[in-house]
Amino acid sequence: MITAIVLIKTSVDRIPEIAESIAAIDSVSEVFSVTGTYDLIAMVRVPRHDDLADVIPGRISKIPGVEGTDTHVAFRAYSQNDLDAAFAIGLES
């Protein structure tokens, strides 16, 4: 699974509506309203790199009020859940 972190600039008067539209896209797992340079951050998860083009410029960027995106593709994911599971291998519950 390919994970992309998409930083999104929007029309500030429509942030909630835009966030809901982005969250409704199948490959978008979460949308966060944030402070700073960007208004929203979306987590996009797709099976192939080519699918990113369908989701980000093909769908997210076409939502009315989205003014621009900056996409970062993850090389590897680290989480506390993954670490806990790795250390629990071979241990009885």
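A strand here is a DSSP run of type E with at least two residues, numbered from the N terminus. In this predicted model, T10 belongs to strand β1, which covers residues 2-10.

**The sheet**

Strands of a sheet pair through backbone hydrogen bonds, either parallel or antiparallel. This model has an open sheet of four strands in the order β2-β3-β1-β4, and the pairing is antiparallel. β2 and β4 are at the edges with a single partner strand each, so one side of each has no neighbour in the sheet. From one strand to the next, the twist averages 20°. Five bridges join β2 and β3 in the antiparallel sense, and V28 stands opposite V44 in β3. Helix α1 lies across β1, β2, β3 and β4, and runs at about 165° to β2.

In soluble globular proteins, nonpolar side chains tend to be buried together. The largest nonpolar core in this model has 20 residues, and I8, I22, V28, V44, V55 and I60 have the most contacts inside it. Two or more residues of this core come from each of β1, α1, β3 and α2.

**Two residues and their contacts**

T10 counts as buried because its relative accessibility is 3%, and buried means under 20%.

Key:
Residues are numbered from 1 along each chain as its sequence is written. This is a predicted model: local features need pLDDT of at least 70, side-chain atom pairs count only at pLDDT 80 or more; totals for chains, interfaces and linings use all residues. Side-chain values use heavy atoms; hydrogens and water are left out. Buried means under 20% relative accessible area, exposed over 50%, partly exposed in between (1.4 Å probe, protein chains only). A nonpolar core is a set of buried Ala, Val, Leu, Ile, Met, Phe, Trp, Tyr and Cys residues joined through side-chain atoms within 4.5 Å. Two strands pair if DSSP finds at least two bridges between them. Axes are lines fitted to C-alpha atoms, for helices over the stretch in contact, and angles run from 0 to 180 degrees between N-to-C directions. Contact means heavy atoms within 4.5 Å.
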